[in-house]
Amino acid sequence: MNSGSTPNVPKHVAIIMDGNGRWAKERGLPRTVGHTKGVEAVRRAVEVAGDYGIRYLTLFAFSSENWSRPEAEVSDLLGLLRRFIRRDLAELHKSNVRIKVIGDRENLKGDILPLLIEAEDTTRGNSGLTLIIAFNYGARDELTRAARRLANMVEAGELASQDITEHHLASQLDTFGIPDPDLIIRTSGEERLSNFLLWQAAYAELVFLPGYWPDFGREMFDEALRIFAARDRRFGGLSESTTAVVG
Ligand code: IPE
Ligand code: IPE
Ligand code: MG
């Protein structure tokens, strides 16, 4: 089903994986069970993305605001990410997946950062799906860090402030070198970005699915891709059909 040549398959899909807690609550289970089930959905998402020939898959795993959750839940979420890397890295590597991590790397305690770096280093040379894990990620934080770096460059005389372009700003973001997402999916029925890829989402198609993240799999992915394929992306211009009529 490799659809590298299939029209309307997005090159980059980004997902706000939401609803683990509600999935568990509906079943009278602790939230942590929802998070554990969510890891299985991550595996399905990676597999289906690969099948479709999607080149980049970004998953919002932990936001810079998620630290405000109870300590036990934060620790659960970090534990799951740690276990996911430990258990799945070899398999992902074998599947030619290249892992990249975005988010703030400063002040992270323990072994989580070394593990993420190991995942990046191990898979750096792979040429299949690029799996981007957004961890300790917040778009406002990312933009603030970028602004700080640009200010440092100006201060050092490497760049004149009046010469700063969109490209300079984009080049200081964690996503430098990665094309902007074509499609952003959010599960759980919430219709907001929650500080995810605010700059990069400028022309992304947003698809909000009612299902909870632990139920995500081929069916929900297909549904989002169908909705995406039916959208008319104009990027501020006119659609092709309009151009045909006018022109
Ligand atoms: C998504 O599920 C997981 C993370 C945000 C890390 P939630 O934990 O946000 O689940 P809900 O939104 O409470 O249902
Ligand atoms: C967004 O979900 C963050 C992740 C999916 C990692 P949240 O559940 O944290 O977002 P809000 O709080 O409902 O906006
Ligand atoms: Mg949530």
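Predicted model: local features only at pLDDT ≥ 70, side-chain atom pairs only at ≥ 80, totals over all residues.

Residues are numbered from 1 along each chain as its sequence is written, chains are lettered from A and ligands numbered from 1 in the order in which they are written, and side-chain values use heavy atoms, with hydrogens and water left out.

**Ligand 1**

- Ligand 1 has 13 residues around it, and the closest are D18, G21, R22, R31 and R69; a residue counts as near if one of its heavy atoms lies within 4 Å.
- Helix 1 gives the largest share of this shell, 3 residues, while helix 1, helix 2 (31-52) and helix 3 (71-94) each bring at least two. Helices here are DSSP runs of H or I with at least four residues, strands are runs of E with at least two, and both are numbered from the N terminus.
- By type, the shell of ligand 1 splits into 3 nonpolar, 5 polar and 5 charged residues. In this scheme Ala, Val, Leu, Ile, Met, Phe, Trp, Tyr, Cys and Pro are nonpolar, Asp, Glu, Lys and Arg are charged, and the others, Gly among them, are polar.
- Backbone N or O atoms come up to oxygen atoms of ligand 1 at 2.9 Å from G21 and at 3.3 Å from G19. For R31, a polar side-chain atom is 2.9 Å from an oxygen atom of ligand 1.
- On its own, ligand 1 exposes 380 Å², and the protein buries 86% of that (areas by the Shrake-Rupley method with a 1.4 Å probe).

**Ligand 2**

- Around ligand 2 you'll find I16, M17, D18, F60, A61, F62, S63, N66, R69, R186, R192 and S194.
- Strand 2 (residues 56-63) gives the most to this shell, with 4 residues, and the shell divides into 5 nonpolar, 3 polar and 4 charged residues.
- Ligand 2 has 390 Å² of accessible area on its own, and the protein covers 78% of it.

**The pocket**

- A pocket is an open set of points on a 1 Å grid over the protein atoms alone, where a 1.4 Å probe fits and protein lies on both sides within 12 Å along at least five of seven lines; lining residues have an atom within 4 Å of a point.

**What UniProt lists**

- The unreviewed UniProt entry places "active site" at D18 and N66. They span 49 residues in sequence, but no two of their C-alpha atoms are more than 12.2 Å apart, so they gather at one spot. D18 and N66 both belong to the lining of the largest pocket.
- For "binding site", the unreviewed UniProt entry lists D18 and E205; of these, the lining of the largest pocket includes D18.
- D18 itself is in the loop between strand 1 (12-16) and helix 1 (20-26).

Key. UniProt positions renumbered as here; feature names shortened; annotations may be inferred. Polar contact = N/O pair within 3.5 Å; in protein donor to acceptor, adjacent residues only side chain to side chain.
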